[in-house]
Amino acid sequence: METMKKLSLNVLEEFLSGLPWESSNFYEAWLAQTYYYTSHSTRLLEFCGFYTKDKGAAERYREHREEEHGHERIALSDLKRLGGDIALHGEHLSTRKFYWQQYEIIRHQGDRPFLGYVLMLELLARDYGPGIFEEVSAAHGDRCANFLKIHIEEDIDHVESAAQLLQSFSAEEQAAVVDNFNWSLDCYRAILKDCVSFADVRRESEAESV
Ligand SMILES: [Fe+2]
């Protein structure tokens with residue numbers, strides 16, 4: 001399908017392959033920031049349900065909300081198993097920007113563009129999740145990788161249903177999805193960069209205190 005082909009994660013590929021998943025400081029930061037933005041998943045889907053004029057879509061948002069329910073707590077428990085503490089990880093501005101913009105888009109443009117945010121995360125999980133899961137499991141054990149594991153398994157089917165939904169949108173709506181996909185991708189890259197910076201700063205302060 002033409003529009004799906006426009007949803008490319010290529011710009012992230014090189015950057016993703018260089019991320020230090022074996023560093024517990026980096027993985028901790030990633031889990032903490034993941035906890036913050038996934039805490040908004042069900043609220044954003046509820047927001048979509050409120051702003052949509054499409055009854056079928058409202059039902060899908062309701063179902064998706066049920067699936068996402070409690071996922072932020074999985075990230076939090078992975079963080080705890082890793083020995084991390086959410087109180088030591090503030091929400092980065094890049095993380096806030098990532099989800100906050102979605103509320104604004106839904107409020108001003110309705111529910112349709114939100115599929116770009118959803119598809120960005122689902123394609124990321126489908127295409128890069130398995131490799132990241134392997135790296136994380138090897139370094140920290142799979143008991144600290146439940147969030148990754150669940151999303152690799154679930155998001156394969158989710159991409160299929162999201163692609164079908166996208167096909168039912170008008171050309172204008174599909175363009176808005178692509179636009180939001182690219183916006184979300186840029187924001188997500190900034191989140192990852194901030195996690196790298198967090199890990200660097202912590203490593204330096206750990207080295208100084210030795
Ligand atoms: Fe989820």
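Modeller: The protein chain has ten helices and zero strands; helices (H or I, at least four residues) and strands (E, at least two) are DSSP runs, numbered from the N terminus. This is a predicted model, where local features need pLDDT of at least 70, side-chain atom pairs count only at pLDDT 80 or more, and totals for chains, interfaces and linings use all residues. Residues are numbered from 1 along each chain as its sequence is written.

Biologist: Which residues does helix α3 cover, and what should they span?

Modeller: The rule is 1.5 Å times one less than the number of residues. Helix α3 covers residues 24-38, so its 15 residues should span 21 Å, and the 20 Å between its end C-alpha atoms agrees.

Biologist: How many residues of α3 are buried?

Modeller: Buried means that 20 or more other C-beta atoms, placed from the backbone, lie within 10 Å of the residue's own. In α3 that holds for 13 of 15 residues, so the helix is mostly covered. Over the protein chain, buried residues are 36% of the 210.

Biologist: How do I describe two packed helices?

Modeller: Use the angle between their axes and the distance between the axes. Axes are lines fitted to C-alpha atoms, for helices over the stretch in contact, with angles from 0 to 180 degrees between N-to-C directions. Here α3 and helix α6 (residues 71-81) come within 8 Å and cross at roughly 160°. They are therefore roughly antiparallel, the word for angles over 145 degrees.

Biologist: Which residues of α3 and α6 make the contact?

Modeller: Contact means C-beta atoms, placed from the backbone, within 7 Å. Among them are L31 and Y35 of α3, and A75 and L79 of α6.

Conventions: A residue is buried if 20 or more other C-beta atoms lie within 10 Å of its own, exposed if 12 or fewer, and partly exposed in between; C-beta atoms are placed from the backbone. Angles under 35 degrees count as roughly parallel, over 145 as roughly antiparallel, 65 to 115 as roughly perpendicular and the rest as oblique. Two residues are in contact if their C-beta atoms, placed from the backbone, lie within 7 Å.
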